Amino acid sequence: MNLACPAVTVSTLSDDQVPLYKELRLRALRDHPDAFMESPEAFEARPVEAIAQRIRESQAVGGFTLVAQHAEAGFIGTASVAVGVTPKDAHRGLVWGVYVAPEVRGLGVGLLLLKELISRASSCGKLRNLSLSVVSSNQPALQLYQSLGFKEYGFDKDALYVNGEFLSEVLMSMDLPKNLRS
């Protein structure tokens, strides 16, 4: 099976795709409990309709979830943006839930997802910046975010406690290109 990046499409998650999204997200939470706040058990217990409702609520205020899909392999990656809901923070986007399936890592899927995420966030008109957090030991993710213009602005010591170990997170942000914002 050829999973070359040109065969990958990135699109906004639709309601009918939520069951497939749930499978991919559950895989991410199980395979990498050190990379996400949510536990696989809590997410697995959530009904598909509740996940779909959360996504619709995020979309209603300008947030979105992207999925990378390959014709043969199905869903292979995801990335989301949550948008502030009050007038004081509606200009800020939070990148969350970034995941690329291990079998396609290193093929540019993460780069493709994040470039599309930044483009959509930039063109939505109200967002001025994006922020994210990433476990400090995840060097490939840190390098990817830095290559796209994210800069470290802080360090959250012992942010997560997973399997008896404390993990710290690097806090990163980027200003969105002004020429794409309204």
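Leaving aside its neighbours within four places in sequence, which residues is S168 in contact with? They are V134, V135, S136, F155, D156, K157, D158 and A159, where contact means heavy atoms within 4.5 Å.

The model is predicted: local features need pLDDT of at least 70, side-chain atom pairs count only at pLDDT 80 or more, and totals for chains, interfaces and linings use all residues. Residues are numbered from 1 along each chain as its sequence is written, and side-chain values use heavy atoms, with hydrogens and water left out.

**S168 and the sheet**

S168 belongs to strand β7, residues 165–175. Strands (E, at least two residues) and helices (H or I, at least four) are DSSP runs, numbered from the N terminus. S168 counts as buried because its relative accessibility is 13%; buried means under 20% relative accessible area, exposed over 50%, and partly exposed in between, with a 1.4 Å probe and protein chains only. A polar atom of the S168 side chain lies 3.0 Å from the backbone nitrogen of D158.

The open sheet has 7 strands in the order β1-β2-β3-β4-β5-β7-β6, with mixed pairing. Its edge strands, each pairing on one side only, are β1 (8–12) and β6 (151–162). From one strand to the next, the twist averages 25 degrees. Two strands pair if DSSP finds at least two bridges between them. Strands of a sheet pair through backbone hydrogen bonds, either parallel or antiparallel.

Strand β4 (residues 92–100) and strand β5 (residues 129–135) are paired in the parallel sense over 3 bridges. Opposite R92 stands N129 in β5. Helix α5 (residues 139–147) packs on the sheet and touches β4, β5 and β7; the helix direction makes about 165 degrees with that of β5. Axes are lines fitted to C-alpha atoms, for helices over the stretch in contact, and angles run from 0 to 180 degrees between N-to-C directions. L94 is placed opposite S131 in β5. Of the 7 residues of β5, 6 are buried, and the strand is mostly covered.

**T65**

T65 lies in strand β2, residues 64–70. With 4% relative accessibility, T65 counts as buried. The side chains of T65 and S80 are joined by a polar contact of 2.8 Å. A polar contact is a pair of N or O atoms within 3.5 Å; within protein, one must be able to donate a hydrogen and the other to accept it, and residues adjacent in sequence count only if both atoms are side-chain atoms. Beyond four places in sequence, the contacts of T65 include S11, Y21, I55 and W96. S14 is 51 residues from T65 along the chain, and their C-alpha atoms are separated by 8.8 Å.

**Rings**

Rings of Phe, Tyr and Trp (its six-membered ring) pair if their centres lie within 6.5 Å; planes under 30 degrees apart count as stacked, over 60 as edge-to-face and the rest as tilted. By this rule there are 2 aromatic pairs.

| Pair | Type | Centre to centre | Angle between planes |
|---|---|---|---|
| Y145 and F150 | edge-to-face | 5.8 Å | 70 degrees |
| Y161 and F166 | tilted | 4.6 Å | 50 degrees |

Both Y145 and F150 are buried. Y161 counts as exposed because its relative accessibility is 54%, and F166 counts as exposed at 51%.

A charge sits over a ring if NZ of Lys or CZ of Arg is within 6 Å of the ring centre and within 35 degrees of the ring normal. The charged end of R54 is over the ring of W96, 4.9 Å from its centre. R25 lies over the face of F43, 5.8 Å from the ring centre.
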